[in-house]
Amino acid sequence: MEAKIRALLEELPGKEGALIPLLQGVQSTLGYISQDAVEAIGEVLGISESEVYGVATFYSEFRLFEPGEHQVKVCLGTSCYLKGGRELLERLSRSLGIPPGRTTPDGRFSLETVACLGCCSRSPVMAVDGVVYGNLTPLQAKAIIADLDE
Amino acid sequence: MHLKIDDVDVDVPAGTTVKEAAMQSGIRIPGLCDYSGLKPYGGCRLCLVEIEGIRGFPSSCTMPVNEGMVVRTGTPALLDLRKSILEMLLSEHPSNCLTCERAGRCDEAREPMRKVPQTMGCRYCPKDQRCALQETVELVGLEKVELPHIGSSKQVVHSPFFDRDPNLCILCGRCVRACEERFAGAISFIFRGFEAGIGTAFEKPLEEVGCRFCGACVDVCPTGALAERAGRWTGPSSNVVLTTCPFCSANCQIGLEVAGGKLLRVASVGNNLCVRGRFGTGFVQDPSRLKLPLVRKNGKLVEAGWDEALAVAAEGLARYTGEQFTAITSGVCTNEALYLVQKFASKVMNSVAVAPDAISSGIKPEDLISADSVLVVGDLAETNPVTGLALRSAKNLVVVSPLKTDLAGASSTWLAPVPGQEASVLVALNRAISNDDPDLNGLGVNEEEIRNVAPLLAGATVVIGPDCCTDVVVAASRLAKALKGRLVVLGTNCNSQGASILGMGRDYQETIQAIFQGKIKAAYIMGSNPARAMPELVEPLSGLEFLVVQDIFLTETAKLASVVFPAAGFDEVDGTYSGPGGELLRLKKAVEPLARSRPDWQITAELAIKMGAVGFDFEGPESVLDEMQAQPAQNQADLESYVLKVPEEPSDNAHFILTACPSLYSFGSGTRTSRIPDLRYLTRERWTEVNPEDAKSLGISSGDGIVLESNKGSIKAVSRISRRVPRGVLRIDLQSDLDMIMDGRVCNVGVKRDV
Ligand code: SF4
Ligand code: SF4
Ligand code: FES
């Protein structure tokens, strides 16, 4: 991992301001930011792993858990938020037993929030493995997930 | 620079902040994120002021002064603004008690309320009456919080020594900055918005992200969010007694918080401390402290009165004067105690008193810190953390260490020899300086490195940690001479320098030999636990005909004694240690000696008097010190004639070099630190640090059981992946039972998984 990070750093102008590009680089190759990656970035940049983690958790674009087999994204953009996105999220979070941003311990599902899926006319919406479902009630959302879990 | 604050004329140097300038002229501006010694942050917005010519309300803690500034700190607009800012802040912090009209008058209900698991208000909070929020509410004059309360019920995070209650956190970031200041970076702001808080990477335990439990974060936290568990519910202290830390030779000053004749906890007095001084002095309150003298009767140690115990000891020792007797002590004791035991040994017993750690030669701490060029051998982050921290700022820092120690990481040049070859690197440096060919065979350091760094070292201060062996000390002393620089050999204990000044190191080796050979028949051991430090001494010590031990615990050594005297703790006596430059450091009595225990110096004096000696009649520790200072200087241990050993070549039939190094969490032989439960927790496994690459090829991960096997034997251990060790090297905490696999401090081992 450390070697990979060093290679990524080679392509950047220097250590200054390299943290975010490195995190992006890791996310685009791994799909998420692993514990290993956080440690290695800290080691390479000479900052602590907690500092790296602090920055990574500040930006919602970074995912800190290995994505599940099925990736559930709930939209919390203004329109969805007003039309019940929060309730969708809460319901899913409860039935999967994980807070947003995590993956179930069996690795089957990961739950995330997104800022807009570009389908405001159908809000509230969620996307499961890239397929967008609109005009959802919390119960419908739960049913869609339950179907996948069969 | 000249400015006007609330019509008061103020002169301060450039670079001062407006808030500091106001404070200096006695004007108080509230503020919760600002803290002296930490970088200004400007997060809480409570210190807003008005400045003529500047729009809006700048925060005074981040605003540097300017010539001719006109500042107002208390306009009605400001007072209002501060109230609403504080109100907003308190809408997310339990505020029931803060603005309660019966605040401070609910004593009857207090105790049961504290059993509530969550802090709902000040009377349920460990920082009650020591909290900056309480002060600020008063200062700002906030009477009511009318905003709806946004309660959170996040999990309290328990760590060794202290807890973090995120529900009380106001996100001022003081703790994060304090930790950065210590170069630990263990904690950081994490997440954002409502989830925002202070935490570690992936919420790992502090000990896994570089925390060294220095307590700096706890010291600066304005609220109950970070509070130590010691003295949690005792409330504020009635006074703070300034004294000297009883552990390492950094000799940090610590504050003992006292109330009602009891020690509550230790407070930093604005300086840096390490875990031992901050959280490790509770051993004096351990229930197993000795309370009465013990005398052996029918093979068993039984409690006795002082008169009886002194009489038995006096009669027993009187039979063994001269070479059959020795006194062993250590730099854990005060100058007064050391001086008297030495006087006792020579005047009453016609023999000598020795100490294992009396090798220390220092310079004044301020000279050490201001040295431009420093060469360090040893892992100061483990042995002398506060000294190590100070040395980070040296302009030219050269470190000789097989491990990537804290200082190696901060150094300008890091020479990384094979473990055990440190002395040879110093010899090679010495040769390079005198243009000889440095012989670098098998050292693991190449010629270019040596040639590059040698010229940079002219006049350097050579600092040798207490974890270095005699060879390193000797090589360093010769190198320092060649460099025309200074030599600093850091002592092991708080008063190793005192023992060294008294010349107690000269006869130590011979004395131990004489014990092994059975030539010594009786001994008086004070403040030293050789049976724990060197288990092979248990047998010869039990073979002594008469042994008197003086300590605060029934140590491994005391268990072998004929008579045991209970000594008072470091917090129970007045006295002095000698600092590295020979300066006197005070030890101040904060509480009365426990039960019937007595100060060391006094016990020795009484014993001498009991044996009919004259010249032991002292009024107090001050008169002992006066007499000691009137003595001529003693000869020091001689480093010149020492012949350097040729280190063994590591053989290659085993894969790894195992190096045993001292640990921050276990001081000396551990007699005192092992009595602190959280220090025990931090050393609960025999952790062996493995380089990540090696771990990969061995197929082990952190926490796996492993077996280390040398020519001598094998032991079980637990692996811990660490970037501090290079490939091919394993680091293990120095413990006395390591003699099962190694004789010195370095050996070759094979590693396999424990199945
Ligand atoms: S824990 Fe204390 S010091 Fe740290 S941010 Fe919270 S209130 Fe401030
Ligand atoms: S105890 Fe010291 S090292 Fe640990 S988090 Fe607090 S400031 Fe940092
Ligand atoms: S003290 Fe100035 S903003 Fe907090």
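Helices (H or I, at least four residues) and strands (E, at least two) are DSSP runs, numbered from the N terminus. The model is predicted: local features need pLDDT of at least 70, side-chain atom pairs count only at pLDDT 80 or more, and totals for chains, interfaces and linings use all residues. Residues are numbered from 1 along each chain as its sequence is written, chains are lettered from A in the order in which they are written, and side-chain values use heavy atoms, leaving out hydrogens and water.

**Seven-stranded sheet of chain B**

Two strands count as paired if DSSP finds at least two bridges between them. On this basis, chain B holds an open sheet of seven strands in the order 14-13-24-23-22-15-16, with mixed pairing. Its edges are strand 14 (300–303) and strand 16 (353–354) of chain B, each of which pairs on one side only. Strand 15 (residues 325–328) of chain B is joined to strand 16 of chain B by two bridges in the parallel sense, and B:Ile328 stands opposite B:Val354 in strand 16 of chain B.

Two helices of chain B lie across strands of this chain, as tabulated below. Contact means heavy atoms within 4.5 Å. Axes are lines fitted to C-alpha atoms, for helices over the stretch in contact, and angles run from 0 to 180 degrees between N-to-C directions.

Strand 11 (residues 253–259) of chain B runs antiparallel to strand 12 of chain B, with six bridges between them; B:Leu256 has B:Val266 as its bridge partner in strand 12 of chain B.

B:Val269 lies in the loop between strand 12 (262–268) and helix 7 (275–279) of chain B. Its relative accessibility is 39%, and B:Val269 therefore counts as partly exposed (buried is under 20% relative accessible area, exposed over 50%, partly exposed in between; 1.4 Å probe, protein chains only).

**Chain A**

Chain A has seven helices and four strands, which run α-α-α-α-β-α-α-β-β-β-α from the N terminus on. Of its 150 residues, 43% count as buried.
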